[in-house]
Every structure is written in structure tokens, then in C-alpha cells.
Amino acid sequence: TAPGPRSYTTLRDEAVKLFNSLQQLELERDPVPLMQGVLQTCLDLPPLVDEIYCQLVKQTTEPPAPGGQGDLHYWQLLTCMSCTFLPSPPVLRFLRFHLDRRVTESRFPTSEMAKYACFIREALGKTKGRECVPSLEEILVLMRRQEMICTVHCPGVPACSVAISSHTTAEEVRGRVARELVSRLGLSQSPNLFALYEQSRRREQPVGSATLLADVLTRFE
């Protein structure tokens, strides 16, 4: 299930807990729940976002085993952070410098670390903030630097499968699905408009145009 409401102590204490979580992350066989917990704390306590970014930059600078499991877990969490939060401008500049250095570093030009750095650099240009932390499924997808498949159920025709990223809005998906429906149903001359709805056992409501589909999927989780 998605993380629920939490109780927190002081920012200093929570920063120490997050540091301990990062240390634990290095040895985790299944890092996804721990990553989601770190992201949830950052969502609930925004002042800690810069702290985590700085800690992750430190952990991915001259690691003892470049490309090892622990190193890749840090890069994977950094990937999830980049698709969820933007750091403050000074930390963002520091982070971009770190990413550029990793991409151009002659020792690891085609490494997984360089690929993550490229992905993160691109994501930072699109991230505007999230309502929810990434779902467990989204974290798994981000760890592989891939897209999620979102299924949109349409009346009268088979469901449409749409590939989405952490930055895809409902407006973008609605446009793709509408074009598919117009083609399937021969509605090129129809003046009808299309809308996306999210439906659960307890409610059905339209999805706002600027809503990130990834946030909708997290609520379903």
C-alpha cells in the first residue's frame, strides 16, 4: 500500500534517520520500499529535499565500488528524486555539475552510472513537483529508466495502452487516446470532446488536464 500519514520529530532528527536509511540502502536486496519511504519523508518535510540531494551526490562521488549494487542503489534513488522533487537553485547547480562530470568522465563513458546521470539530467528539466511519491511500480520502472504502461478503458472499444513517464499529464494522454478513438470509431467529423476519469469503488471523478498520470496511479496503489 502507499505510505500513509506519518508522525515526525525535529528536522535534525529526521535528517539523521534519512542518513541511516541511505546507509541501509547500500545493502538492501529489495531497495524499493526503503526508497519510497525516503521519498515520502521528503514530500512531507520539504526542507529535507536539499539534504537528501546533497547526501546522494556525496554517496555517488568516488564510491568504493563504482557500478556495484550499493552504488547503483544510490543512483536509482537519485533518479526517483529527480522525477519527484526539484532542489533549490544552488543545490540544482551543484547537482548538474556532478551529473555532467559523471557523464563525461573518461573512466566510465558507457557505464550504468553515466546512463543514470543522463536520465536524471533530462528529468530535472521536466520535473515540476508531485502530489504523491512514486508508486512501487513506478520506482521499479525508474530503476530501469523505462516508461510505465497505463491502461485507459474506453466505452465501446478495447482498452488503450499508453506509455507514460513520471512527467506525462492527463492532457497528453487524453490527446493520444482521443486520436486513437477518432480513428477506431470514425469520428473525424464529430464535435464531441473527450475527458479522462479515475474510478474506484467509492468514487468517480474527472482528471484535471495538468494532473500527472503517475500521481493518479499512485493513488490507486
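Close-up 1. Helices are DSSP runs of H or I with at least four residues, and strands are runs of E with at least two, numbered from the N terminus. The side chains of R121 and D100 are joined by a polar contact of 2.6 Å (a pair of N or O atoms within 3.5 Å, one able to donate a hydrogen and the other to accept it; residues adjacent in sequence count only if both atoms are side-chain atoms). Beyond four places in sequence, R121 also touches R96, L99 and V103, among others (contact means heavy atoms within 4.5 Å).

**Close-up 2. The largest nonpolar core.** This core has 41 residues, and L39, I52, Y53, L56, W75, L77 and M81 have the most contacts inside it (a set of buried Ala, Val, Leu, Ile, Met, Phe, Trp, Tyr and Cys residues joined through side-chain atoms within 4.5 Å). Its largest share, 7 residues, comes from α4. Leaving out residues up to four places away in sequence, M81 touches L39, C42, V49, I52, Y53 and L56.

**Close-up 3. T211 in the loop between β4 (204–206) and α9 (213–220).** T211 is buried, with a relative accessible area of 16%. Outside four places in sequence, its contacts are T168, T169, A170, V216 and R219.

Residues are numbered from 1 along each chain as its sequence is written, and side-chain values use heavy atoms, without hydrogens and water. In this predicted model, local features need pLDDT of at least 70 and side-chain atom pairs count only at pLDDT 80 or more, whereas totals for chains, interfaces and linings use all residues.

How values were computed: Buried means under 20% relative accessible area, exposed over 50%, partly exposed in between (1.4 Å probe, protein chains only).
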